[in-house]
Amino acid sequence: MLLALSILLLVFPASLSAPARDRCTRGRNKLLLISFDGFRWDYDRDVDTPNLDKMAVDGVKAAYVTPPYLTITSPSHFTLLSGRYIENHGVIHNVWFNTTTRQRKEYYMTQFVDDYWDNGTLPIWITAQRQGLKTGSLHFPGTAATYQNETVQEREVEPRAYDYTNETAWKENVDKVMKDWFKEQDLDFVTLYFGDPDESGHKHGPDSPERREAVKKVDRTVGYIRETAEKLGLSDHMNIIITADHGMSTVFKGDQVKEIVLTDIPGFSYKDLQFHLLDYGPTAMLLPKEGLLDKVYNALKGGHPNLHIYKKEDMPARLHYSKHPRLLPIILYADPGYVISGFYPLQNNKGEHGYDNEVMDMKPFFRAVGPDFHKNLLVGPFETVNIYPLMCHLIGIKPEINDGSLENTQHMLISNGETCDSGDDPKSSLQNVFIGLAAVVGFVFLAFVVVTSYNGYKKHKLYSKEIEKGYEDEMQGDSKQTSF
Ligand SMILES: [Zn+2]
């Protein structure tokens, strides 16, 4: 009996746990990727965030993640969608520009320039659709564009002058994604974008009460998203990843601060430039007129102690921001706290991003929860190029060429990155037979426990009675006979 019991105890836990939690990723769970623009990795430290805390207990929290350089919205979001560094995907700035006509389009209008986005790199929506999945995107940068004649299947692009901070609108957007798209239309993968705490971080600074209020709003929204998933019966087959494109750093103000104004630097002149992207925070790009590259470069080199200037081919390789033909020949960036101005310091933001991605203030947060993720797991930092292969694995699609690796995130998964074999695979069938057998044996064992307990109980009652009657010897003999 002991032998049988030992075998059963070995088999039983497997038969109980196997159907509930796979040791491999089946790629059948839905996936929601959410970006809260400008949510710095440590924004939950000075604000009560019960819903984000609960999400960390129920899932995975990374210490922080490293965005690609340039740490601004459109380029960094396209890295999330493609797993490629910015010099490889070519969405190099929030601003579209033409150096010949000197035309520029700001962030919103750039969303509609198809060939700016459709530049040889496919975002995950299109790849997933080509592999038979249904996808959607709400307000995520890149949503409006057409890629190789295809758009994301379900999409909502915000109207011009949209208020990215309105909490009521946020809830409506969540309802649309969860109820209409995931529940009713049964979409497999959706990306969802929110424009705060970026706005409050710029306007009031990352250490302001307004930014802390925005984080509370994010937290309430995360709670609402998970509550809605639960109510709609989605949470047991939906993974949710929450992250951001970059962080935020306080801009130094006051008389003590020596502002970076290019026309204050001796030898620099606008007349030497064919085109420039100046007054966009801490980063700038210049196209000097023909034959004047060295003149402009040498004038600016050493022009301000907090200004870094590079010919594009000399940009530090770790930044992955030098190879793309769209990048202009001279790239400038400022140290944290500084912005780069052309004629005059006109930039009034109290918070900025766009700095070196090694600067801790530029690091976003990362949380994940769902059936494929471990619970209550804190992991170390990783680069956001790795989120793309993770997402492809979760939804069971073959990724395009990318700069990330599943190896950098698979420790967050219950499967440790293993993909399940298909249902008719012999190995899988054998596993099913084993699980079935284990269940039968388990049932027999249960029946045995119940029957012997009942017999024991009966016997005990009888035994007590028989003792009273003085038949003790006879009953002991009987008990041996009924045992194994
Ligand atoms: Zn911003």
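Guide: A word to start with: a nonpolar core is a set of buried Ala, Val, Leu, Ile, Met, Phe, Trp, Tyr and Cys residues joined through C-beta atoms within 7 Å. Keep in mind that this is a predicted model. Its largest nonpolar core has 106 residues, and Met391 and Ile395 touch the most other members. Helix H12, residues 387-395, gives the most to this core, with seven residues.

Visitor: What does methionine 391 touch?
Guide: Leaving out residues up to four places away in sequence, methionine 391 touches Leu31, Leu33 and Ile124.

Visitor: What makes H12 largely enclosed by the rest of the structure?
Guide: To be called buried, a residue needs 20 or more other C-beta atoms within 10 Å of its own. Nine of the nine residues of H12 are buried, so the helix is largely enclosed. Among what covers them are strand E1 (30-36), helix H3 (73-82) and helix H7 (124-130).

Visitor: And the open sheet of four strands, what is its order?
Guide: The order is E12-E13-E15-E14, with antiparallel pairing.

Visitor: Why are E12 and E14 called edge strands?
Guide: Strand E12 (273-280) and strand E14 (307-311) each pair on one side only.

Visitor: How do you know that E13 and E15 pair?
Guide: Pairing takes at least two bridges between two strands. E13 (residues 283-288) and E15 (residues 330-334) have four bridges, in the antiparallel sense. In one of them, leucine 286 has isoleucine 330 of E15 as its partner.

Methods. Residues are numbered from 1 along each chain as its sequence is written. This is a predicted model: local features need pLDDT of at least 70, side-chain atom pairs count only at pLDDT 80 or more; totals for chains, interfaces and linings use all residues. A residue is buried if 20 or more other C-beta atoms lie within 10 Å of its own, exposed if 12 or fewer, and partly exposed in between; C-beta atoms are placed from the backbone. Helices (H or I, at least four residues) and strands (E, at least two) are DSSP runs, numbered from the N terminus. Two residues are in contact if their C-beta atoms, placed from the backbone, lie within 7 Å.
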